[in-house]
Structures are given as C-alpha cells and as structure tokens.
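Subject: Structure handover

Hello,

The structure is below, for you to take over. My notes on it follow directly after.

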Amino acid sequence: MIPRWKLPHLAKGMLTYVPLVNAWRSRRGSTGGSNAARYCYAVWLRHLVRLSQHGFQVNGSAVGELGPGDSIGTGLAALLSGAERYVGLDVVPYSANADLASIVTELSQMYLSRQPIPGHDEFPAVRPRLTSYDFPSDLLRLEGLSERGAQVMSELRRGFNSGEYVTYRAPWTSVDDVASGSLDLIFSQSALQAVDDLEQTYRAMFAWLKPGGFSSHAIPCHGQHLSPFWNGHWAYSDAEWQIVRGRRKWLINREPLSTHLRTAERVGFDILQVERQYADDGLDPQTLARRFRTLDAEDLVTRGAMVILRKPRTN
Ligand SMILES: C[S@@+](CC[C@H](N)C(=O)[O-])C[C@H]1O[C@@H](n2cnc3c(N)ncnc32)[C@H](O)[C@@H]1O
C-alpha cells in the first residue's frame, strides 16, 4: 500500500511526461532564493567566514560555483568582495532571466553600508549558521567596489562570457568547461544533493582547483519538498523514485553524507571540516526503502552538512 503522502509527488512526476505540461513547467522553473541579493549576500559571506578560518583569502581569487540557480548573484557577491574572476556552472541556465543589474546595485549598497550578514531569523533554512553575523570587514577588499560593480555590469550588458569577470556555463557538460588548475575556490549552496554523477563532479572540481585550492559546500541530505518527513525521500522505492523524478532535468540524488565524503576523498581531496546537522525525528528507519534501511547510523540522522575540502598542495 503506497502511503497517502507520496501520491501528490508521484502524480507531479507523471505529469512531466505530458509534453505541454512539461514545457510550461520548464519555462516557469526556478530554484528559490538566489535571485534575491540579500540571500546571495547571506550565502556568500557564510562561505567566506567559514573558509577564512582555514586560510582562504578572497582578494584576487578565482572563484567557481556549482549550481548557482536562479541567478549568479552569489558569485557577484564574491566578485564585489574582492574576487577577480567568477565561473558559474549549472545544468539549466536559470540566471539568463535574472535582473543582475538590480542585484549588483543592492549588493554594492549592502557592502558599502557594512550590513551585517542576514542571520537565521531571516533565512532559517540557510546553512551554515554562524556564531557571529557581524559585518566581516577584515575579510573583504572594499576599495574600488563601486568601480568594480560598474565594470562587471558593463561586461554583463554585453552578455555572459564576454569579458574577464564572469563565465557562465549552463549547461556545463565536461571537465573541459573550466581550465584545469585555474580556481582558488569552488563552492556550492544546496546543489551537490541535486547532482546526478557525483564522482564525475567531484573529479571535475578537483581538476579545476589550483594545488592548495578550497572547496566549500552546504549539502542538504533531507527530503526537501518531496515528503512531509525529513527522511521521507529514502522511503520511496527505486521504481517510485523514477516516477517522482519524471522528466525533470535534476532532482535530489538521495545520497547520504558519507557518499559525498567518500567520493571527495577518493578523488584526492583532504577533508578540512564537516559540520553535520542532526535530526531527531522523521520516519522509523525500518519503514525506509530496503537500500536505505542499512545506511550507517550517522547517515540515518544526518539531514545536512557543511563540508570544507582542500586540494593538497602537491599530488
Ligand atoms: C536547489 S538549487 C540551489 C540553487 C542555489 N545554489 C541556491 O542556493 O538557491 C540546485 C541547483 O543545482 C543545479 N544543478 C543540478 N545538477 C547540477 C550539476 N550536475 N551541475 C551543476 N549544477 C547542478 C540546479 O540546476 C540548481 O540550479
């Protein structure tokens, strides 16, 4: 007997096989969040604060982002804070429709007025949480920010990939989309749970980094909107999941945190920090689909994590 809560998700998946419905859904598709400057500022500064504890400096850096979503605003926040170059890689070009001029203007105002990092009262779902949301003046290079904002905007008005600041590959299809050994940082916010081929993606991120480069990821491992239970995504059988996924270009991959950590290590990363978020509720593990019942005890209670990796200086 299929539990009632799965039915709307199975129905929505089936609807993606109706060509007109699927075309309408694809046109209206959005990822929720990154088209708002405050969200992008909150996300970028959280990564930056965490990374600075491991020695990363944004000034003059080349930064990549996996899965920027609705806009490349988080990357623009990185550029305005001192990065020299940004590469955004997605499977759907959501950012093509974003109002990047407004985002740059709003981000610039936030930096120049030294606004605190928006905290968990404003963005309860955004991870990681910080102990202090004070404006991190000592981590940023704000001289020339207005000029940099104007230069970035003038480049973006000519189109993506038309200058030196912003590269946007959507869809990215190969490790060759970014020059090997060219980035100081590759980060993601709520994207690695959506990647189909994790091994290929971790290998690509490793290849793109310079020796000593950093990789910083907020990875949700919960069921998101696909279940009323945080671990409900693990209750679908593989056949049910195929229906839920339908013809969507991406959906959560259902991998537990240990798969990410094992894959990152296998491709060569050093793991610098893992900050898990634990759950103490959800479905009884015995009611999950067979292959998820046997997850290790820690995976079974991990609803997400912030992970910081580093490419060794010599390999
Ligand atoms: C939940 S959204 C998060 C978007 C944004 N980072 C944010 O914080 O709102 C997941 C994003 O990952 C992207 N994505 C899925 N698979 C991907 C892949 N293999 N490579 C890069 N991006 C991918 C999706 O297209 C989407 O933009």
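Arg293 is partly exposed, with a relative accessible area of 32%; buried means under 20% relative accessible area, exposed over 50%, and partly exposed in between, with a 1.4 Å probe and protein chains only. Arg293 belongs to helix H10, residues 290-293. Helices (H or I, at least four residues) and strands (E, at least two) are DSSP runs, numbered from the N terminus. Between the C-alpha atoms of Arg293 and Ala235 there are 9.0 Å, while along the chain these two are 58 residues apart.

On provenance: this is a predicted model, in which local features need pLDDT of at least 70 and side-chain atom pairs count only at pLDDT 80 or more, whereas totals for chains, interfaces and linings use all residues. Residues are numbered from 1 along each chain as its sequence is written, and side-chain values use heavy atoms, with hydrogens and water left out.

Ligand site

The ligand is surrounded by 20 residues, and the closest are Tyr39, Gly67, Asp90, Trp172 and Gln189. A residue is near a molecule or strand if one of its heavy atoms lies within 4 Å of it. By type, the shell around the ligand divides into eleven nonpolar residues, eight polar and one charged. Here Ala, Val, Leu, Ile, Met, Phe, Trp, Tyr, Cys and Pro count as nonpolar, Asp, Glu, Lys and Arg as charged, and the others, Gly among them, as polar.

With Gly67, a nitrogen atom of the ligand is 2.8 Å from a polar backbone atom. With Trp172, a nitrogen atom of the ligand is 2.8 Å from an N or O atom in the side chain. The ligand taken alone exposes 590 Å², and the protein buries 94% of that. Accessible areas come from the Shrake-Rupley method with a 1.4 Å probe; for residues, only the protein chains shown count as cover.

Salt bridges

The structure holds eleven salt bridges, a salt bridge being a side-chain nitrogen of Lys or Arg within 4 Å of a carboxyl oxygen of Asp or Glu. One of them joins the side chains of Asp184 and Lys210, at 3.1 Å from N to O. This pair links distant parts of the chain, with Asp184 in strand S4 (residues 183-189) and Lys210 in strand S5 (residues 209-220), 26 residues apart. Lys210 is partly exposed, at 30% relative accessibility.

Arg245 and Asp196 form another salt bridge, their closest N and O atoms being 2.8 Å apart. That pair also links distant parts of the chain: Arg245 is in helix H8 (residues 238-245), Asp196 is in the loop between S4 and helix H7 (198-208), and they are 49 residues apart. Asp196 is exposed, with a relative accessible area of 53%.

The side chains of Arg266 and Glu199 meet at 2.6 Å, N to O, in a salt bridge. Arg266 lies in helix H9 (residues 257-267) and Glu199 in helix H7, so the pair ties together parts that are 67 residues apart in sequence. Arg266 is partly exposed, with a relative accessible area of 48%, and Glu199 is partly exposed, at 26%. Glu199 and Arg266 are linked with Arg203 in a network of salt bridges.

Two serines

Ser71 sits in the loop between strand S1 (62-66) and helix H4 (73-80). At 0% relative accessibility, Ser71 is buried. What does the side chain of Ser71 reach? The side chain of Ser71 reaches the backbone oxygen of Ser34 at 2.6 Å and the backbone nitrogen of Gly73 at 2.7 Å. A polar contact is a pair of N or O atoms within 3.5 Å; within protein, one must be able to donate a hydrogen and the other to accept it, and residues adjacent in sequence count only if both atoms are side-chain atoms.

Ser108 is in helix H5, residues 100-112, and counts as buried at 11% relative accessibility. The C-alpha atoms of Ser108 and Ala150 are separated by 10.0 Å, with the two residues 42 apart along the chain.

Regards
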